[in-house]
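Try each task before reading its solution.

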Amino acid sequence: MTDFSDIVGVFSSSVFSRESRDYEQEDVDAASLPEFRIPTAAQEAGKSRYGIRIVTGMQKGSGTNDSGVYVTIVGSKGSSGKIYLSGSLSWFTGSGTRSRSYDDLVIECCGDLGQVEVVELGNDKGWWSTGSDLMGAAWYVDFVVIHNFQQKQEQEYPCYHWIGDGDYVTFTANTTTLKDVKGNKILRRQRQRQIERRQDDYKWHVETDAKMEWGLPTVIEANKNYFALPYDEQFSTTKAIDFTTDGVKAAAALGYTSVSGSAKDLSFYDDLVKQIHEPPVKKPIYEAGRWTSDVEFGRQILNGVNPVIVERCNALPPNFPVTNDMVKGFMCRGLSLDEEMKAGRVYICDLKVMHGLKCKEGSFGCAPLCLLYVNSCDQLVPIAMQLKQDPGEDNPIFLPSDNWIDWVVSKMYFNSAFGQLHQMSSHYLCCHATMEAYCVATMRTLPDAHPVFKLLRPAYRYTCAINVNARLSLINPGGVIDQVWAIGGEGRQELVKRACGVYRVQMTNIKRSMESRGVGDPDKLPNYYYRDDGVKLWEAFESYARGILQLFYKNDEDVKDDHEVQKWAKEVHNNAFPAYSHKAQFAGKTSPYVPTEFSAPKGRGFPKSIDSLDELVEYCTLIMFTGSVQHSAVNFGQFENLAFVPNCPLSVSKPPPSKKGEMSYQDLLSCMPSKLVSFLHVATTSMLSQHSPDEIYLNQYKRERFTEKETVDHVKKFLDKMEDISTDIHVRNKPLDIKYEWLLPENIPQSITI
């Protein structure tokens, strides 16, 4: 426990009365529970009484029957010492523990504790413990309410922590910066000790194998040992059980043991998708051959799972020799290609980062370029496709006027590269790995009471846990990704290294991203729903962050003088995103159009100090947006957009065509991966697209650690804005044949949980 004995004395204390009750609310707070029953028995002279309401969480296994549970309250005049609650927490049912309970205690102290500053809850090792997982004697507490009968005051103390065997947590009532507690020795001690303990629990993983230093953001020390994670980062029992069964359900639906050989018809892939009912798909991509249409291809570029690659094309790259004569028949306004580019109606996807990646034996890849055009129906459609970076006779430019098989196959190869880049760059690197690094840095430097901590903490829920699981079974050497992808193994590692060399944290700042890619104007690039919805959500987070932070920082100097914020920024800059350089390795010849050196500075664009309120608002917004909106945009559409293998085969069995007019339907089939690889492909996209039963969505955003009226009001304003955005999206979607629903607030988890 935290020692305050050099600041205040310890008074002998005991439990005067106790009572346990259940609650039913989904979102419980102090005001929603019944009034505390104040004891009527006379109080002895010289003694003081305090009411303590301890509210457990609603997760399965939140309660505890451990006889070692205790509470300590530390006031401005004295401490109660440890008060053991043996027998008062009546949550053991014989087969486990139950949640949704609260325990009311009245304690008597041999002296006046004064203003209660700190509450400590502990879980000394008791007789019942099953180890380090959450099925043991761990205890999750939402909050504690202290009734100071002497001063006739009631105060909520937010906890929201798991308390494991032999562990304890301390927490305070109010949201404060270090400046706010300058003269309070007790609160300063609590902050200091909390950070010291967290720095032991949240250590950076130092990679010793040089071959594994891929330039990824630094991970938590647990790395690949789930049960080495701090309790607060592990899945709840609800989530852990659900995550374990998702893959089993997908495998059972597909009939794993019957998968062998190669498909004889495209209908095999239809049937694979049809056998899985989770998540449900309203408009399957294979119906009526929709996956082959150019309009569908353009829709996926803008509003599929990788909507962050397309850029405005102001001039053609020198290695993409598309002529006006080639494409004039596909541009409907009577203008030349140059004129259409100047008008802002021509766009490009250049996947040069995929060039020369080593593929597994029997698999092939490409590094394509695709030119797209906004037609008079406001649809973005492809008008030219080149599958390799170096132009030449063996690298034709495919056109919509080519025979059907050639054009469909060229789009299929593009999507194969597009999908693999999506998974490791847009999805894992820019969202998963980045958010884990932010989480560790935040936990190491900011105490619970800090406003920035309270803003950001919801964005980290389950992220470390899901990443550890991914490193164990999904992106590990020989894992699912290596089995499914063409570039599995060395090629995947090389792609990660290259992606890390160009990665900057501002890539998930949607406004900056739109500006840098030239795609921010809805008049020039309409129907870009990821942009339209994402910008609204960014602005909602930005307004929320500014509203909260302005309560604690009146000017830029206040931000500069907050040593805790500056330590946080330095931790992110120096340790979360170390400097990185990589000399590219190519399977085959290099290309003059592809970089051979990739490098990133320390911090990857995150500053080593925060010098203004605007800057603090921006980076808090960036973190909350990345862990919720951005991840939803690139993750939850995977089953709908990627599960039908011919639309996006992540592994192809033949090299890209080097001539036009030589492909047949049978050749298209022979390009497809084996049935086994296809099975893994579909099962994985199903599992990654499912939500947890204990998910918390943006329209359910909880105030949790915020207790002050002013801060709670800003949470309510944020929820009102989520409702407005949801209404706008539903109205926009109503006439659409294929609705864009990934960024509905009710579909966006507040953090990365899968």
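## A buried loop residue

At 0% relative accessibility, Arg604 counts as buried, where buried means under 20% relative accessible area, exposed over 50% and partly exposed in between (1.4 Å probe, protein chains only). Before going on, note that this is a predicted model, in which local features need pLDDT of at least 70, side-chain atom pairs count only at pLDDT 80 or more, and totals for chains, interfaces and linings use all residues. Residues are numbered from 1 along each chain as its sequence is written, and side-chain values use heavy atoms, with hydrogens and water left out.

**Exercise 1.** Find where Arg604 sits, and look at its phi.

*Solution.* Start with the place: Arg604 belongs to the loop between S18 and H16. Helices (H or I, at least four residues) and strands (E, at least two) are DSSP runs, numbered from the N terminus. Next, take the backbone: Arg604 is not a glycine, yet has a positive phi of about 45°. As background, most residues other than glycine have a negative phi. Finally, look along the loop between strand S18 (597-600) and H16 to Ile610, which is buried at a relative accessible area of 0%.

**Exercise 2.** Is Asp378 buried, exposed or partly exposed?

*Solution.* First locate Asp378 in the loop between S14 and strand S15 (380-386). Then read its relative accessibility, 38%, so Asp378 counts as partly exposed. Its phi is positive too, about 65°, although Asp378 is not a glycine.

## Cysteines

**Exercise 3.** How many disulfides does a search of the whole structure find?

*Solution.* The criterion here is a pair of cysteine sulfur atoms within 2.5 Å. The search of the whole structure finds 0. Now check two cysteines. For Cys439, the closest cysteine sulfur is that of Cys464 at 3.9 Å, too far for a bond. For Cys620, the closest cysteine sulfur belongs to Cys439, and the 14 Å between them is again too far. Both are buried: Cys439 has 0% relative accessibility, and Cys620 has 0% as well.

## Two helices

**Exercise 4.** Describe how H13 and H16 cross.

*Solution.* Step one is the geometry: the axes of helix H13 (residues 529-549) and helix H16 (residues 613-635) come within 8 Å, crossing at roughly 140°. Step two is the class, and that angle makes H13 oblique to H16. The axes are lines fitted to C-alpha atoms, for helices over the stretch in contact, and angles run from 0 to 180 degrees between N-to-C directions. Angles under 35 degrees count as roughly parallel, over 145 as roughly antiparallel, 65 to 115 as roughly perpendicular and the rest as oblique. Step three is the make-up of the contact: its residues divide into 16 nonpolar, 4 polar and 4 charged. In this count, Ala, Val, Leu, Ile, Met, Phe, Trp, Tyr, Cys and Pro are nonpolar, Asp, Glu, Lys and Arg are charged, and the others, Gly among them, are polar.

## Strands

**Exercise 5.** Which strands does S7 pair with, among them S2?

*Solution.* Strands pair if DSSP finds at least two bridges between them. Strand S2 (residues 13-22) runs antiparallel to S7, joined by 9 bridges, and Ser17 has Val106 as its bridge partner in S7. Strand S3 (residues 48-56) also pairs with S7 in the antiparallel sense, over 8 bridges, with Ile52 opposite Leu105. Now consider burial: 9 of the 9 residues of strand S7 (residues 101-109) are buried. Both faces are covered, with Leu105 among the buried residues on one side and Val106 among those on the other.
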